[in-house]
Amino acid sequence: MNDLRIKKLIHSLVGVDGCLIEEPADLYYLTGLSLSVGKLFAAPSGACLFVDGRYYGKAKQEAPCPVALIESFKESLRKAKRIAFDSAFVTYNGFSALKSSFPHVEWVPVSSPVKNLRLCKDPGEIAALKKAARLTWEGYQRIVQILKEGITEAEAALEFEIFCRKKGASGFSFETIIAFGENSAYPHYRAGNARLHKNQIVLIDAGAVIDKYHGDMTRVFFFGEPDPRLSRFFHLVRRAQQKAVAHVRPGVKLGELDQIVREEFRKENVEELYTHSLGHGIGLETHEYPRIKADGEDKDLILKPGMVFTIEPGLYQPGLGGARYEDTVLVTEIGCENFYPQE
């Protein structure tokens, strides 16, 4: 499988003598190896993975391509004249080092050269994503079970993480977001020492990682009687989210999904409270290509079977609170499959 991915990368090269890949998630996608540091040089003649002594033995056994020590990297590029590099990952200092070490090479910037290969997930990736979603959902249910007056956001987040770890999670997609009351008005809030009180809203945004692939979902829970204003937010968000999910199918432009949500909010005079994009691709990383925004750079991307992304509209009013509803969906041949149960 990984050798086929490398061949697809090589086949995509146009007008260059090769491509240098250093981003860890891309290296894993192409080689199946978890490397903190490594270089994959892909050229029409083939590919070679360069690693240091810490990874050499394992890489020699498991890599889908030839492996060499990093010390031989410079010699391997001796005849190359134009090489593409990942301009979204390589820092300015890194770029300067490449130019200094290889003055004969014209370095061609290509933003995220593997993103299109990773866009549509294969059956193994889809299975891993579904597994991560199932555990994330179970963890969410555990949080709801243990909510009680006086518990802190941090305590609830820790309970989620312990539960998921015991069930096989290797990590978490991001720092678990649990927000009580007014804290729910901040989309990327982090669980703190606020204690839960009766009649507060609880926003839970969480994700478990299984087999390198990430889960991501958001729900709100009313602990007691909901504030009518927040209840309205929730119902507006839920309705808009359902309409966007229903529109997911091959051939649709990505930006249309966000436009549907914005039109719903505009009709209710709350669009100004919707402060982020509708969603993002997900896989080996929580936030992957593409980004779903009506006026974003990916708005004209056409949906294809195998794409997996989140749909997560929200409304937020500082001083009151917010509501967000997030699912992860897979584009199928005729529509989409939602990875999360609907309540």
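**Sheets and helix packing in a predicted model**

Strand β10 (residues 208-210) pairs with β11 in the antiparallel sense over two bridges; strands count as paired if DSSP finds at least two bridges between them. This is a predicted model, in which local features need pLDDT of at least 70 and side-chain atom pairs count only at pLDDT 80 or more, while totals for chains, interfaces and linings use all residues. Residues are numbered from 1 along each chain as its sequence is written, and side-chain values use heavy atoms, with hydrogens and water left out. Helices (H or I, at least four residues) and strands (E, at least two) are DSSP runs, numbered from the N terminus.

**Sheet β7-β10-β11**

- The strands β7, β10 and β11 form an open sheet in that order, with antiparallel pairing.
- β7 (171-172) and β11 (213-214) are the edge strands, each with a single partner strand, so one side of each has no neighbour in the sheet.
- I210 stands opposite Y213 in β11.
- Helix α7 (residues 123-146) lies across β10 and β11, and its direction is at about 145 degrees to β10. Axes are lines fitted to C-alpha atoms, for helices over the stretch in contact, and angles run from 0 to 180 degrees between N-to-C directions.

**Sheet β8-β9-β12**

- A three-stranded open sheet has the order β8-β9-β12, and its pairing is antiparallel.
- β8 (177-180) and β12 (217-223) stand at the edges with a single partner strand each, so one side of each is left without a neighbour in the sheet.
- From one strand to the next, the twist averages 15 degrees.
- β8 and strand β9 (residues 200-206) run antiparallel and are joined by four bridges; F180 has V202 in β9 as its bridge partner.
- α7 packs on this sheet and touches β8, β9 and β12, its direction making about 15 degrees with that of β12.

**Helix pair α9 and α10**

- Helix α9 (residues 228-246) packs with helix α10 (residues 254-267) at an angle of about 150 degrees, and their axes are 9 Å apart.
- That angle makes α9 roughly antiparallel to α10, a label for angles over 145 degrees.
- The contact (heavy atoms within 4.5 Å) is made by L236, V237, R239, A240, K243 and A244 of α9 and by L257, I260, V261, E264, F265 and K267 of α10.
- These contact residues comprise eight nonpolar, no polar and four charged; Ala, Val, Leu, Ile, Met, Phe, Trp, Tyr, Cys and Pro count as nonpolar, Asp, Glu, Lys and Arg as charged, and the others, Gly among them, as polar.

How values were computed
Angles under 35 degrees count as roughly parallel, over 145 as roughly antiparallel, 65 to 115 as roughly perpendicular and the rest as oblique.
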